[in-house]
Amino acid sequence: MSNASYQERRGQIENYFDRTAVAAWATLTSDAPVGRIRTTVRAGRDRMRATLLSWLGEDLHGKRILDAGCGTGALAVEAARRGAQVVAIDLSPTLVNLARERIPQDVAHLVEFHSGDMLDPALVGHFDHVVAMDSIIHYQTDDAVNALAQLADRTSGSIVFTFAPRTPLLAAMISLGRLFPRGDRAPWLEPMAEARIARLMKAHGALDGWACARTQRVSSGFYKSQAMEWLRS
């Protein structure tokens with residue numbers, strides 16, 4: 001991994017989600033009314049979260065899951081309702097605090113929240129599954145694959161993650177977004193080609209013995225995302 005590029009990008013993402021975008025994300029991830037565009041984004045995220053959870057299975061009792069990039073905790077809560085012990089981490093302390101406030105009391109004992117880097121070695125122990133929903137979408141492909149490889153080193157079952165698929169429409173949307181003032185815009189997405197991700201992961205020494213099981217794309221208005229599931233053989 002290019003440690004400098006990963007660290008620089010991580011800092012930009014943390015600053016944006018912990019300061020600029022907190023109010024918007026708090027609203028988007030709630031039941032509060034939103035505009036037409038954000039309604040499509042909310043629907044797309046709901047569909048993607050349901051897809052990733054379906055890949056994990058309905059019965060997660062006895063499983064330990066890392067929710068890498070937990071945001072306000074929606075996926076962590078659903079995994080806990082299926083019986084999983086969840087370690088949920090996000091770069092934004094503000095979003096993590098919101099997740100703690102929102103978690104239902106009946107599953108609160110099953111979710112352990114942290115703020116910080118999903119690669120932090122202080123996250124003790126191994127996991128049956130790692131979920132990285134919209135967590136690597138701002139990193140270059142090489143950095144993203146290397147991050148997944150580090151997570152794989154402590155995972156026994158599967159890694160499910162999403163990325164921004166490389167399409168002409170998404171490229172145009174990103175170019176338009178870069179016209180906004182730097183202080184107002186989100187860290188731009190880094191579109192990835194599925195074939196290149198697969199090639200880099202197959203060639204990565206730390207991912208020897210892992211294989212892609214399935215992929216699925218979700219498109220809902222301005223939300224364009226693709227999921228991949230990798231299993232340890």
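This is a predicted model: local features need pLDDT of at least 70, side-chain atom pairs count only at pLDDT 80 or more; totals for chains, interfaces and linings use all residues.

Visitor: Why is serine 92 called buried?
Guide: Buried means a relative accessible area under 20%. Serine 92 has a relative accessible area of 1%, and therefore it is classed as buried. Serine 92 lies in the loop between strand 2 and helix 5 (93-102). Leaving aside residues up to four places away in sequence, serine 92 touches Phe17 and Asp18.

Visitor: Which residues of helix 4 are buried, and against what do they pack?
Guide: In helix 4 (residues 74-81), the buried residues are Leu75, Ala76, Val77, Ala79 and Ala80.

Visitor: What describes the packing of two helices?
Guide: Two packed helices are described by the angle between their axes and by the distance between those axes. For helix 3 and helix 4, the angle is about 35° and the axes are 11 Å apart. The crossing of helix 3 and helix 4 is right-handed. Helix 3 contributes Arg49, Leu52 and Leu53 to the contact, and helix 4 contributes Ala74, Leu75, Glu78 and Ala79.

Visitor: What makes up this contact of helix 3 with helix 4 by class of residue?
Guide: There are five nonpolar residues, two charged residues and no polar ones. Arg and Glu count as charged, whereas Leu and Ala count as nonpolar.

Visitor: How do you know that strand 1 and strand 2 pair, and in which sense?
Guide: Pairing requires at least two bridges between the strands. Strand 1 and strand 2 are linked over five bridges, and therefore they count as paired, in the parallel sense. Within this pairing, isoleucine 65 stands opposite valine 86 in strand 2. Strand 1, helix 4 and strand 2 together make a right-handed β-α-β unit.

Visitor: Which other strand is joined to strand 1, and by how many bridges?
Guide: Strand 4 is joined to strand 1 by three bridges, and the two run parallel. In strand 4, histidine 129 is the bridge partner of isoleucine 65. Strand 1 is mostly covered, with four of its five residues buried.

Visitor: What makes strand 5 a mostly covered strand?
Guide: Eight of the nine residues of strand 5 (residues 155-163) are buried. Strand 5 pairs with strand 4 in the parallel sense over five bridges, and isoleucine 159 in strand 5 is the bridge partner of valine 130. Strand 4, helix 6 (residues 141-152) and strand 5 make a right-handed β-α-β unit.

Visitor: In which sense, parallel or antiparallel, do strand 5 and strand 7 run?
Guide: Strand 5 and strand 7 (residues 223-232) run antiparallel, joined by six bridges. Here phenylalanine 161 stands opposite methionine 228 in strand 7.

Visitor: Finally, what share of the contacts between residues at least 6 apart in sequence joins residues at least 24 apart?
Guide: The share is 72% of those contacts in the protein.

How values were computed:
Residues are numbered from 1 along each chain as its sequence is written. Side-chain values use heavy atoms; hydrogens and water are left out. Buried means under 20% relative accessible area, exposed over 50%, partly exposed in between (1.4 Å probe, protein chains only). Axes are lines fitted to C-alpha atoms, for helices over the stretch in contact, and angles run from 0 to 180 degrees between N-to-C directions. A crossing is left-handed if the near helix is turned anticlockwise from the far one by less than a right angle, and right-handed if clockwise. Contact means heavy atoms within 4.5 Å. A crossover is right-handed if, with the strands pointing away from the viewer, the path from the first strand over the helix to the second runs clockwise.
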